[in-house]
Amino acid sequence: MYELPAKARALTAYKPLSGTYRIRLDANESFLDAPDWLRLEIAKAVSELPFNRYPDPYAVELCRRFAAFFGVDAQYMVAGNGSDELIGVIIGAFCEHGETVLTVSPDFSMYAFYAQMNGAKAAVYDKQENGLMLDAERLIAYAKQQDAKLIILSNPCNPTSLGTSRKDILRIVSELSDRLVVIDEAYMDFGEGSVLTEAADYDNLIVLKTCSKAFGMAAIRLGFAVSCNQLTDAIKAAKSPYNVSAMTQAAGCVLFEHKDYLMDCIGKIKDSRDRLFKALWELGQSKAQVKEVYRTTTNFVLLHVDDSEKTHQALKEKGIAVRHMGNLLRITAGSEQENAAVTAALDEILR
Ligand SMILES: *Cc1c(COP(=O)(O)O)cnc(C)c1O
């Protein structure tokens, strides 16, 4: 009889929210779906693909267009099947068994998952004592003390919605110059402090980007890693050869030809985010249960709420899905109607 090894037994599958909800504000997706003209352009590009051939393993044309959009050089880029895949590839390739991966808490849960999968030791820097803000000096000291070989964090942070300054990020990279620093900028399109255009100037920095949030393309699974040649070559060598499908490459190529459309999407999402923050902040003033509404530099708003589990359930019963973590509720900015609905529902539920 075959018995699963301990490593496989310890795994639990990622469970997205089950059930159907009128309003989905739980996964930080864009509330803007692709318009018809974009769908048609993508459909045409996909219809012309040679389906019997493998895709370009290095997604050269796609990287060229992404690079032009962000003002970086395409030679410093690797495309991934979502940035999620790249996180797994990077931790797998750059961390030896038993070495320490440093994550911060709270942060995106997949970092610790891939570290565990790859037999890394986990060191966790806790942001609770500093109002969920990252203290760069203390992080640097902790990374050295723990002898972490790889430090990975999101900026702006999911789920705190808070950003760390460019200066602090570059200080972390410079002072930990003999360790790899991975900065996940999944939400940077909504915030400030990007180090994307400087990524290739450092030999120990990788910056991650995704098309799943600001660009409203979570369905196609597309992300990028930007880093110097030495790191880029290593990531290319470590990934599976045809990781980004020809259909995704075609869709991504179309997408990055439409700078005005993408900038317009970002503007609309930021407006929605600002309005949702204001509405929830005002609501919080009159509700004793609401301990904090965090300032946001992302496309979601984070609330610290007493009885958050009950609140989460009550929202679900009203057909509204948000993300619940400990005593925090994370609410993605939606359409005007969705924001109004979640605000009204919370007004009814909260004391
Ligand atoms: C959503 C998210 C991702 C996932 O991006 P994909 O490209 O869809 O895999 C990565 N990092 C953070 C911090 C996220 O919130």
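Hi everyone, let's start at N28, which sits in the loop between strand 1 (23–24) and helix 2 (36–47). Helices here are DSSP runs of H or I with at least four residues, strands are E runs of at least two, and both are numbered from the N terminus.

A word on what you are looking at: this is a predicted model, where local features need pLDDT of at least 70, side-chain atom pairs count only at pLDDT 80 or more, and totals for chains, interfaces and linings use all residues. Residues are numbered from 1 along each chain as its sequence is written, and side-chain values use heavy atoms, with hydrogens and water left out.

Back to N28. Is N28 buried or exposed? At 0% relative accessibility, N28 counts as buried; buried means under 20% relative accessible area, exposed over 50%, and partly exposed in between, with a 1.4 Å probe and protein chains only. The N28 side chain has a polar contact of 2.9 Å with the side chain of Y187, and another, at 3.5 Å, with the side chain of R330. A polar contact is a pair of N or O atoms within 3.5 Å; within protein, one must be able to donate a hydrogen and the other to accept it, and residues adjacent in sequence count only if both atoms are side-chain atoms.

Y187 brings us to the ligand. Which residues are closest to the ligand? Of the 14 that surround it, the closest are D184, Y187, T210, S212 and K213, where being near takes a heavy atom within 4 Å. An N or O atom in the K213 side chain is 3.0 Å from a ligand oxygen, a polar side-chain atom of R221 lies 2.8 Å from a ligand oxygen, and D84 has a backbone N or O atom 2.9 Å from one. The protein covers 93% of the 390 Å² of accessible area that the ligand has on its own, by the Shrake-Rupley method with a 1.4 Å probe.

Which element gives the largest share of the shell around the ligand? That is helix 4, with 3 residues. In helix 4, the buried residues are G82, S83, E85, L86, I87, G88, V89, I90 and I91. Its 13 residues, 82–94, should span 18 Å at 1.5 Å a residue, and the end C-alpha atoms are 19 Å apart, which agrees; the expected span is 1.5 Å times one less than the number of residues.

Last stop, S154 in strand 5 (residues 148–154). S154 is buried, at 7% relative accessible area. S154 and V104 are 50 residues apart in sequence, with their C-alpha atoms 9.0 Å apart in space. Thanks, everyone!
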